[in-house]
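Have a look at the structure first, and then read on.

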Amino acid sequence: MEIFTCYNSVKGGLEIMKGKTLKLALAFLLSLSLVGCSSNTSDDTQEAEETTTFATRDDVDYVTVDAPETERENGVISADEWAESFPEIYESYMMTSDNNYTTDYLAQDEYLTNIYEGYGFAKDYNSAQGHSYCLDDVNNTERPHALANCLTCKTADYTALVNALGKDAYSMAFDEVSSTVSENVGCYTCHENQAGNEGQLVVTHDYIIEGLGDNMDSIDDAVLSCGQCHIEYYFNPSDKATSIPYSSVETMSPDAILEYYNSIDFADWTQESTGAKLLKAQHPEMETYLGEGSVHASMGLSCADCHMAVETSESGTVYISHNLVSPLDSEAILNTCTQCHGDTDMVAKVEAIQEKITARETEVGTALSELKDKLAEANTSGNYTEEELDAIRDLYRSAQWYFDFDYVENSEGAHNSTLANYCLDTSEDYIEQANALFK
Ligand code: HEC
Ligand code: HEC
Ligand code: HEC
Ligand code: HEC
């Protein structure tokens, strides 16, 4: 077994996450049979204790402190105001600004502009960056955004406004509200003003509370916390309110969501050239992660386990880093994978999955783009009745939905390759059915 030498935490030792007993103990046993023995044998224990020492979630120094007085009118205690109570967390939180690399998806995958024709994403579609860019990015995007509902996932100040005004806040003008908000995704977003209570997690986004209701209890807090935004949503046509198209883990599958959208005749846009009423999936990380086929979700891992490292400050405080990173960029997080994956090269494992999924996306995306061209041609040819065109449009709508559900998910297959492949295969299936209807 390869032993990582990592930073100098004094606590923890070899038993990674030793405290999250039940669910991880189970996972651990399972993993031994699946990936071979990754644990310390008595032979290497000695060596391991000398060289592999890193803190685990069980070692975190949870503290209770009084909330600072806020000077802010809306009552949202800002990250800056928490800095004195939680210096390490604050510093790590500010580090999301290191994640400033973006890919221009439209340049990278040429078929996209054609598929998204008539919608904002055909004009401007870059990959995401760290949380500290949320407000800058929403203010600078070339995609149109008339209403304030675009601020839903960008700033704690808007969340507080929604919580104060109710749904009316969603249909306010973007420009009117954007000049009044300044905090990005903030402590309030995930903790309300309760961060001082050992980092208590609170769901602050109203559409999650309304949409999931009591079913929130079946989702780990540290999944739901991220799932306030890393999800599929839509703007309700009647009041423009940000809403989720499901009410439970069972109904957040791509099949059930499509069924729901069909049942309320919802479309994000009608594409002029094809006449099709299309759906634009957003970033269904939580749905994909909790979806059928997800190995880690079934073992009880949360988003935080893989995206928030346990770190130790110079003065010895063990805390949860709030720099939300790819696990591949954090040695501390990669260390936790060894518990189940042994000495597997995790970067190579993840990249191999992503390469396969990306290659399939190119195949299916190209076929979808070709279908769109044929449909646009049929649409103006005069050779088809409206019924005939509608039958093809419906299949095209489903194909676009399944393609998008995979494509826009930010892990590129790493969260749940089973579901990613299912989406791409299903999309391809719809494309073939549609192609069979052309004369
Ligand atoms: C209030 C909404 C919101 C919440 C809650 C939220 N995020 Fe985000 N997240 C975003 C937005 C918006 C972006 C994209 C920012 C940009 O590009 O300007 C983002 C970007 C990211 C990125 C960078 C993605 C990339 O491609 O570089 C990571 C990683 C991330 N979030 C992880 C998390 C995790 C883990 C949680 C839970 C602990 C979480 N987020 C909670 C809204 C949110
Ligand atoms: C078992 C570990 C694991 C869990 C649990 C997990 N992720 Fe990930 N996540 C990954 C990996 C691996 C990647 C791919 C990273 C890369 O490409 O560099 C990823 C990528 C991402 C990205 C894109 C980041 C980037 O830099 O490109 C976001 C955003 C994200 N995850 C959010 C979430 C959310 C939200 C949850 C919970 C619903 C979650 N993850 C649960 C392992 C995990
Ligand atoms: C995007 C969501 C998100 C934001 C923003 C966020 N937190 Fe957290 N925080 C979490 C999650 C999730 C956990 C629990 C992680 C786990 O279970 O591993 C946590 C844990 C904590 C803890 C307990 C662990 C520890 O190290 O003491 C404290 C305290 C805390 N957060 C404070 C803050 C403060 C202060 C801010 C603002 C500077 C902040 N958080 C911003 C999601 C967030
Ligand atoms: C609690 C045990 C456990 C932990 C911790 C764990 N994994 Fe896994 N993971 C598994 C098991 C079991 C499988 C299924 C067998 C396999 O593919 O190796 C798996 C599969 C995977 C897959 C393939 C998923 C898919 O849908 O194709 C990836 C990628 C992955 N793990 C990445 C990671 C990363 C990165 C970490 C650390 C941040 C990690 N895992 C931590 C148990 C774990």
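## Around ligand 1

Helix α16 is the biggest contributor to the shell around ligand 1, giving 3 residues. Please keep in mind that this is a predicted model. In total, 24 residues surround ligand 1, and the closest are Ala128, Asp137, Cys226, Cys229 and His307. Besides α16, the elements that give two or more residues to this shell are α7 (134-140), α10 (187-191) and α12.

What is the make-up of the shell around ligand 1 by class? It divides into 11 nonpolar, 11 polar and 2 charged residues.

## Around ligand 2

Now to the other ligand. The shell around ligand 2 holds 21 residues, of which Cys226, Cys303, Cys306, Ser326 and Asn410 come nearest.

At least two residues each are supplied by α12 (221-227), α14 (285-290) and α16. By class, the shell around ligand 2 has 11 nonpolar, 8 polar and 2 charged residues.

The largest nonpolar core has 57 residues. Those with the most contacts inside this core are Trp82, Ala148, Tyr158, Cys187, Tyr188, Val223 and Leu290. Helix α8 (residues 156-165) provides the largest share of the core, 5 residues. A second, separate core has 32 residues, including Ile357, Leu368, Ala399 and Cys423.

Which residues does Trp82 touch, once its neighbours within four places in sequence are left aside? Trp82 is in contact with Pro68, Ile77, Tyr90, Cys187 and Ala195. One of these partners, Cys187, is also on the list of residues with the most contacts inside the largest core.

## A loop residue at Glu110

Glu110 lies in the loop between α5 (105-108) and α6 (111-115). Is Glu110 buried or exposed? Glu110 counts as exposed because 12 other C-beta atoms lie within 10 Å.

## The protein as a whole

The protein has 20 helices and 6 strands. Of its 439 residues, 38% are buried. Among contacts with a separation of 6 or more, 73% are between residues 24 or more positions apart.

Conventions: Residues are numbered from 1 along each chain as its sequence is written. Chains are lettered from A and ligands numbered from 1 in the order in which they are written. This is a predicted model: local features need pLDDT of at least 70, side-chain atom pairs count only at pLDDT 80 or more; totals for chains, interfaces and linings use all residues. A nonpolar core is a set of buried Ala, Val, Leu, Ile, Met, Phe, Trp, Tyr and Cys residues joined through C-beta atoms within 7 Å. A residue is buried if 20 or more other C-beta atoms lie within 10 Å of its own, exposed if 12 or fewer, and partly exposed in between; C-beta atoms are placed from the backbone. Helices (H or I, at least four residues) and strands (E, at least two) are DSSP runs, numbered from the N terminus. Two residues are in contact if their C-beta atoms, placed from the backbone, lie within 7 Å. A residue is near a molecule or strand if its C-beta atom, placed from the backbone, lies within 6 Å of it. Ala, Val, Leu, Ile, Met, Phe, Trp, Tyr, Cys and Pro count as nonpolar, Asp, Glu, Lys and Arg as charged, and the others, Gly among them, as polar.
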